[in-house]
Amino acid sequence: MNEPSHADDDICGIGADPVAFEVFYRRHLEAVGRFVARRVDDPHLAADLTADVFLAVIESAAGYRPDRGSQIGWLYGVARNVIGDERRRAAQRLRVTGRLAGRRDLGPDDIARIEERIDAESAARRTHRALSELPEGTRALVELVAVDGLSVAEAATVLGVSPVAARVRLHRARRVVRAVLARPATTLA
């Protein structure tokens, strides 16, 4: 993915600079919204997680290192962590309370927009269900490369593995996913 090649490449300061953060937010909001919508089918949760990703960006921007990968790769890594944290919290809430809580109210236009995004990403959710047959690390690699558009090297950096290991895992995973997607859709439900 092409990104602007000016001072915005160093995003370490966006946690302290509201103007720089706004530029970063506007540039990446749509990509983060799609990333979340591919992984979540609840419009309220998708909106909350998208906001949480940018809150996490503010908190962790000082740790961004351009020599370790692109902004979008780093941002997807942050988003993966936010979504993973939410899934763990949700599981804990379900164990403790037996129900989900803490949703904020959305207006009809907000819900319609998020539902459209979720509908648009339904094929990606089917792919994610197919990916569920892969080990977590391999599944994350496939998602980052095939769904989110990172290079194998960028995805390897996000996941902390070597590019060679990532290529081998990706090759094996593609065979598994193709076989699963070849099954009729009803067997994935």
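Both Arg38 and Asp148 are buried in this predicted model, and the two residues form a salt bridge in which the closest N and O atoms are 2.4 Å apart. Arg38 lies in the loop between helix 1 (18-37) and helix 2 (43-60), while Asp148 lies in the loop between helix 6 (136-147) and helix 7 (152-159), so the pair ties together parts that are 110 residues apart in sequence.

Asp148 also forms a salt bridge with Arg39, and this pair links distant parts of the chain, 109 residues apart. Salt bridges that share partners join Arg38, Arg39, Glu143 and Asp148 into one network. Within it, Glu143 pairs with Arg39; because Glu143 lies in helix 6 and Arg39 in the loop between helix 1 and helix 2, this bridge ties together parts that are 104 residues apart in sequence. Glu143 counts as buried at 10% relative accessibility, and Arg39 is buried as well, with a relative accessible area of 11%.

| Salt bridge | Closest N and O atoms |
|---|---|
| Arg38 and Asp148 | 2.4 Å |
| Glu143 and Arg39 | 3.6 Å |
| Asp148 and Arg39 | 2.6 Å |

Turning to the surface, Arg172, Arg174, Arg175 and Arg178 gather in a patch of positive charge. Arg172 belongs to helix 8, which spans residues 163-181, and is exposed, with a relative accessible area of 52%.

The protein as a whole has eight helices and zero strands. Of its 189 residues, 38% count as buried, and the protein exposes about 10600 Å², of which carbon and sulfur atoms supply 53%. The salt bridges come to 12 in number.

Conventions: Residues are numbered from 1 along each chain as its sequence is written. This is a predicted model: local features need pLDDT of at least 70, side-chain atom pairs count only at pLDDT 80 or more; totals for chains, interfaces and linings use all residues. Side-chain values use heavy atoms; hydrogens and water are left out. Patches are made of residues with over 30% relative accessible area and no salt bridge: like charges are joined within 9 Å, nonpolar side chains (Val, Leu, Ile, Met, Phe, Trp, Tyr) within 5 Å. Accessible areas come from the Shrake-Rupley method with a 1.4 Å probe; for residues, only the protein chains shown count as cover. A salt bridge is a side-chain nitrogen of Lys or Arg within 4 Å of a carboxyl oxygen of Asp or Glu. Lys and Arg count as positive and Asp and Glu as negative; His and the chain ends are not counted. The place of a charge is taken as NZ of Lys, CZ of Arg, CG of Asp or CD of Glu. Helices (H or I, at least four residues) and strands (E, at least two) are DSSP runs, numbered from the N terminus. Buried means under 20% relative accessible area, exposed over 50%, partly exposed in between (1.4 Å probe, protein chains only).
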